[in-house]
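Q: Could you take a close look at one helix for me, and then walk me through what else stands out around the fold?

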Amino acid sequence: MILEPVTYKGGLYRNDEIVDLIEDVGGYIIQKQMVATEVVIQALVPRDDIALIREVAKPLAGEITPSPLVGTEIAVVTPSLEIHHLPHASCDVAEYIRRFGAKTNMVGLARGFGKRIAQLNDEERDVINEHDLAIYLLGDFEECIRHKFPVLRRGIEVPIVVSGGPSKETLQKIIDPPVDGYVGEVGRFMHRTKESEEIDKLEEVVAEITRVVSKKREEIAKDPLSVSPARLMDIIREQVEEIHRVLSPTPITVQMTGLRVKLPYDTFSTVLKKLEIERGVTIGDLADIRPSRMRDYILLKIRPFSDTNIMI
């Protein structure tokens, strides 16, 4: 069964019918938000059942749209979040990517500025590597990017997309070894994006990230995970009562190969490890559980079928 990432937007009236339908056809609700009189549901649903859900949503004035980044967590990396470095682009990119389903986290480097003194510390490196993808939002100066970026990418193992003021062709020329994606002519600016050409650039960023994410999904499909991250999320929701007391908008963040569970590691790592998925198979049998460098959260990475010889 192939699951497609989608977003449902509609009124509050009878929205539970959509939730029940998605679950009945074997889909998973990743996030559900109530905004005034509107409900926004991000979900993974079977490709063959999208037409059925769209048909049921029509009389409720609901709309189903593709959201290719649902089920991903992306790090938006910027050399600084200080106002004199004009972080407007970082904020706009992070917010715009969210509209397509991604969970984004801003990573403002402590010493990312200065051509000669820029550096990436161990904690920043580890936090970025906990994500599915990192997009670096650099400045306008070609020479600065050429000198700084080799330091800022050191130790990063996740796919990287680079954006900056120079053109895409220039970024491809000055970054060696190459990264996974490039978006040019998105440098620093001192206002929020409003004009149509600025929105087009944000669309270009999303398109490049989607391309890289799709490529990574294809690689994962060659050696599929032992269990879907979305299914593990449902199991934790059903069996761990404390997760419902977490005040974060996303107590469990779904990633492409695992989950970020926002519970204390020391208290709940053993609890999660012993949770039964099916027929005596526990989460500990299929996934590695380790502490996150982000607060005291829990990171759960699912092992591939070739490692466990189990597929659920």
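A: Helix α7 covers residues 196-222, so to speak a run of 27 residues, and from its first C-alpha to its last it reaches 39 Å, close to the 39 Å expected at 1.5 Å a residue. Bear in mind that this is a predicted model. Which residues of α7 are buried? They are E198, K201, L202, V205, V206, E208, I209, T210, V212, V213, K216 and I220. An α-helix has 3.6 residues a turn, so residues three or four places apart point the same way. As for what those buried residues of α7 pack against, the partners are the strands β5 (73-78), β7 (133-137), β8 (160-164) and β9 (181-184), plus the helices α3 (88-98) and α6 (168-174).

Now for the strands elsewhere. An open, antiparallel sheet is built from 4 strands in the order β2-β3-β1-β4. β2 (28-35) and β4 (63-66) sit at its edges with a single partner strand each, so one side of each has no neighbour in the sheet. From one strand to the next, the twist averages 20 degrees. β2 is joined to antiparallel β3 (residues 38-46) by 7 bridges, and Y28 stands opposite L44 in β3. Helix α1 (residues 15-24) packs on this sheet, touching β1 (3-11), β2 and β3, and its direction makes about 170 degrees with that of β2.

P291 stands opposite I298 in β15. The hairpin has 6 residues between the strands, and R295 takes a positive phi near 55 degrees.

Notes. Residues numbered from 1 in each chain as written. Predicted model: local features only at pLDDT ≥ 70, side-chain atom pairs only at ≥ 80, totals over all residues. Heavy atoms only, no water. Pairing = 2+ DSSP bridges. Helix = DSSP H or I, 4+ residues; strand = E, 2+ residues; numbered from the N terminus. Axes fitted to C-alpha atoms, helices over the stretch in contact; angles between N-to-C directions. Contact = heavy atoms within 4.5 Å. Expected span 1.5 Å × (residues − 1). Buried < 20%, exposed > 50% of the residue type's maximum accessible area, 1.4 Å probe, protein only.
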